[in-house]
Number of protein chains: 2
Amino acid sequence: MKRITIQDIAKMLSLNPSTVSRALSNHKDVNEETRKRVLAVVKEFNYVPNLHARYFRMKNSGLIALILPEFNMFFTHSIMAGINQVLTDKNFTLIVFYSNNSYQREIEIIRHCISWVVEGVLLVVSDETQDIDHLEELKMAEIPVVLFDKVVPNDKFTTITIDDAQVANAATAHIIDNGAKNILGVFAHPSIDISKQRSEGFHRALSSAHMQGSSIFINDISKIDQLISNIDLATYDGIFMMSDELMINMLGALHRRCINLIDFKMAAISDGVLPKNISPFVPHMLHSGLKVGQLAAEELIEEVMSTGTIPIKQIKVQTSLISEP
Amino acid sequence: MKRITIQDIAKMLSLNPSTVSRALSNHKDVNEETRKRVLAVVKEFNYVPNLHARYFRMKNSGLIALILPEFNMFFTHSIMAGINQVLTDKNFTLIVFYSNNSYQREIEIIRHCISWVVEGVLLVVSDETQDIDHLEELKMAEIPVVLFDKVVPNDKFTTITIDDAQVANAATAHIIDNGAKNILGVFAHPSIDISKQRSEGFHRALSSAHMQGSSIFINDISKIDQLISNIDLATYDGIFMMSDELMINMLGALHRRCINLIDFKMAAISDGVLPKNISPFVPHMLHSGLKVGQLAAEELIEEVMSTGTIPIKQIKVQTSLISEP
DNA sequence: CCGTTTCCTGCAATCGTTTGTTGTGGAAAA
DNA sequence: TTTTCCACAACAAACGATTGCAGGAAACGG
């Protein structure tokens with residue numbers, strides 16, 4: 001079936017398309033009477049504007065691209081919820097791409113975004129991404145970009161992160177405050193930036209309490225049982241876990257080794273959802289994906305809306321300690 | 001900066017825009033020599049086509065809309081991963097909407113989809129949605145729709161679900177096979193369709209084994225501790241949990257009541273991700289979000305691509321029992 | 001040498017919407 | 001009565017890419 005257009009409406013009412021257009025956009029130059037007639041026809045025939053035509057003419061698109069390296073159950077969903085809230089509010093439409101942690105794919109996606117005339121890009125870089133050369137094209141096309149969560153440090157684009165070292169430090173300090181004497185730190189793959197940062201914060205907390213402790217880096221989470229099998233857990237009385245994913249897996253692994261979790265002082269860095277759902281409760285530095293998503297979207301929209309240039313910001317999201325359920 | 005267009009390229013090379021366009025689309029009517037020259041300029045100036053212009057002219061869009069009622073960590077992410085795989089493969093672009101479980105919002109979104117001239121819609125209906133009247137508009141606009149996961153039973157659109165009753169039945173049977181004599185079924189809010197279906201399957205399994213058992217419906221998951229506080233768990237030796245969300249919360253709640261989970265024969269319906277991550281292992285009927293997403297996307301694309309009409313299908317996704325880690 | 005075919009490129013229209021400019025009739029002001 | 005002004009609506013151009021058709025030049029056959 002052929003869609004009804006503004007011209008069809010114009011013809012029916014013996015009006016000019018321009019008048020119909022203005023009627024629909026509440027332009028003052030159109031008589032209230034004619035507007036009524038237009039609206040009536042719109043309703044009767046279920047007219048909806050063709051956004052391709054509109055945005056093509058207007059040279060914008062109302063589209064915001066979100067580029068994610070992967071879909072994981074621990075953080076992505078709340079980030080998306082946060083972004084969506086903001087975008088829906090401001091009447092933007094979200095298109096989602098998935099780089100599959102490939103730098104090459106990320107480049108392709110960015111090209112595609114330009115083709116789509118998106119008005120802004122929200123980017124969580126892939127693990128492979130080491131530089132931001134590929135964002136140059138977006139800059140040239142004057143498309144604002146906000147990097148968040150995993151970022152490449154730079155001074156050309158707004159970034160939104162947490163102070164990983166400081167947060168890990170605070171979480172570890174909480175374990176120490178609870179009286180643990182020997183703490184095990186559990187981290188993800190050591191090559192990714194946040195592992196390094198959080199590990200650093202962990203060790204800083206230990207040394208400022210004049211304590212020792214050790215860290216393990218889980219390269220492949222499915223092998224966690226093996227990886228911790230040669231650790232004498234009895235020597236530890238505290239555990240720090242750098243993420244939700246590690247937390248749930250670590251708890252599972254300990255459980256499989258029939259270790260009583262009550263014996264441990266624990267802390268993690270978490271989105272806050274999982275600790276609400278599982279037992280025992282794990283105190284955590286609340287690193288809310290929802291908030292990060294919202295903030296990223298808000299910053300981006302601000303840049304999109306502004307006419308002039310806006311100062312680049314390096315935002316550190318505040319985190320807080322959640323010490324009880 | 002102004003974007004470079006086909007006409008700019010044409011001017012530079014003293015060609016006609018039409019020739020440039022044909023060169024770029026590998027049309028045979030253009031000399032290999034000229035094509036080379038065009039490609040060189042394209043590369044030099046980083047030309048990217050304006051998809052709004054193209055799709056506006058071509059009357060399609062390469063867009064597929066995904067409408068979700070909510071973002072939850074338990075199923076959404078794997079559904080999206082599955083969809084994305086297929087769409088990326090077939091060169092479609094995904095736009096995502098979030099109905100926030102509101103029927104009204106769902107209607108708005110569908111309108112918006114038509115406005116965007118999307119080529120297909122993947123829909124998980126909101127909890128409020130009781131009918132499919134609002135999909136009539138899509139049908140009139142000849143936009144294919146695939147309903148999946150949560151659906152409204154109907155014979156006008158392709159649907160992809162699991163046989164909830166049968167799956168719940170099988171899971172329960174597994175608990176019975178393991179020797180449990182008195183089984184507790186844990187279900188979500190009784191007003192949503194899948195709760196009813198799964199509860200029915202659960203009870204069917206019980207009665208065909210000439211057993212009794214009881215169910216509880218968790219209206220508000222944050223109150224799970226209260227809800228199970230008046231249950232004498234000692235009388236049960238088996239638990240069936242209808243979803244990942246209930247599973248993780250139930251395990252947590254039992255743990256808080258210091259109940260030894262080893263004493264229970266358990267089974268659930270699960271996406272499979274969580275059981276890999278937690279301990280104890282919970283046998284489950286594997287209801288893979290990834291697979292559902294893929295299948296939904298594939299079915300939709302097939303309808304989109306086909307010229308004639310395609311038979312409506314009511315697909316039940318196969319599930320399998322995962323009885324060990 | 002002319003007619004026909006082949007190969008390549010140009011011309012012009014088109015998609016649906018928006019918007020700057022122009023036109024018109026009637027009322028108010030002079 | 002003439003001039004001015006205003007409210008309203010029509011006209012036309014534009015956005016960038018695609019495509020049917022026309023046309024020119026070279027190649028080829030007779």
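Predicted model: local features only at pLDDT ≥ 70, side-chain atom pairs only at ≥ 80, totals over all residues.
View 1. In total, 28 residues surround DNA strand D. The closest are A:S18, A:R57, B:T5, B:I6 and B:S18.

**View 2. A:S14 has a positive phi.** The angle is about 55 degrees, although A:S14 is not a glycine. Most residues other than glycine have a negative phi. A:S14 sits in the loop between helix 1 (6-13) and helix 2 of chain A.

**View 3. Chain A meets chain B.** Here 46 residues of chain A are in contact with 45 residues of chain B. On the chain A side, the elements that give two or more residues are helix 4 (51-58), helix 5 (76-89), strand 2 (93-98), helix 6 (103-115), helix 7 (136-140), helix 11 (244-256) and helix 12 (273-277). Helix 5 of chain A gives the most, with six residues. By type, the residues of this side divide into 25 nonpolar, 16 polar and five charged.

**View 4. Strand 2 of chain A pairs with strand 2 of chain B.** Three bridges join the two strands. They run antiparallel. Across the pair, the bridge partner of A:V96 is B:L94. Strands of a sheet pair through backbone hydrogen bonds, either parallel or antiparallel.

**View 5. A rotation superposes chain A on chain B.** The rotation is 180 degrees, with 0.0 Å of shift along its axis. The RMSD is 0.1 Å. The two copies are thus related as by a two-fold rotation axis. Of the residues of chain A, A:I95 comes closest to this axis, with its C-alpha at 2.1 Å. The same surface serves both copies, as 98% of the contact residues of chain A recur in chain B.

**View 6. Six strands form an open sheet in chain B.** Their order is 7-6-8-9-10-12, and the pairing is mixed. Strand 7 (213-217) and strand 12 (320-322) of chain B stand at the edges. Each has a single partner strand, so one side of each is left without a neighbour in the sheet. Neighbouring strands are turned by 20 degrees against each other on average, direction ignored.

**View 7. Helices lie on the sheet of chain B.** Strand 6 (residues 183-187) and strand 7 of chain B pair in the parallel sense over five bridges. Within this pair, B:V186 stands opposite B:I216. Helix 9 (residues 193-208) of chain B packs on the sheet and touches strands 6, 7, 8 and 9. Its direction makes about 170 degrees with that of strand 6. Helix 8 (residues 164-177) of chain B lies across strands 6, 8, 9, 10 and 12, running at about 160 degrees to strand 9.

**View 8. A right-handed crossover links two parallel strands of chain A.** Five bridges join strand 6 (residues 183-187) to strand 7 (residues 213-217) of chain A. A:I183 stands opposite A:G213. From strand 6, the chain crosses through helix 9 (residues 193-208) of chain A to strand 7 in a right-handed β-α-β crossover.

View 9. Most peptide bonds are trans. A:P280 lies in the loop between helix 12 and strand 10 (284-286) of chain A. B:P280 lies in the loop between helix 12 (273-277) and strand 10 of chain B.

Note on methods: Residues numbered from 1 in each chain as written. Chains lettered and ligands numbered in written order. Contact = placed C-beta atoms within 7 Å. Helix = DSSP H or I, 4+ residues; strand = E, 2+ residues; numbered from the N terminus. Nonpolar A, V, L, I, M, F, W, Y, C, P; charged D, E, K, R; others polar. Pairing = 2+ DSSP bridges. Least-squares fit on C-alpha atoms with pLDDT ≥ 70 in both. Axes fitted to C-alpha atoms, helices over the stretch in contact; angles between N-to-C directions. Near = placed C-beta within 6 Å. Right-handed = clockwise from strand over helix to strand, strands pointing away.
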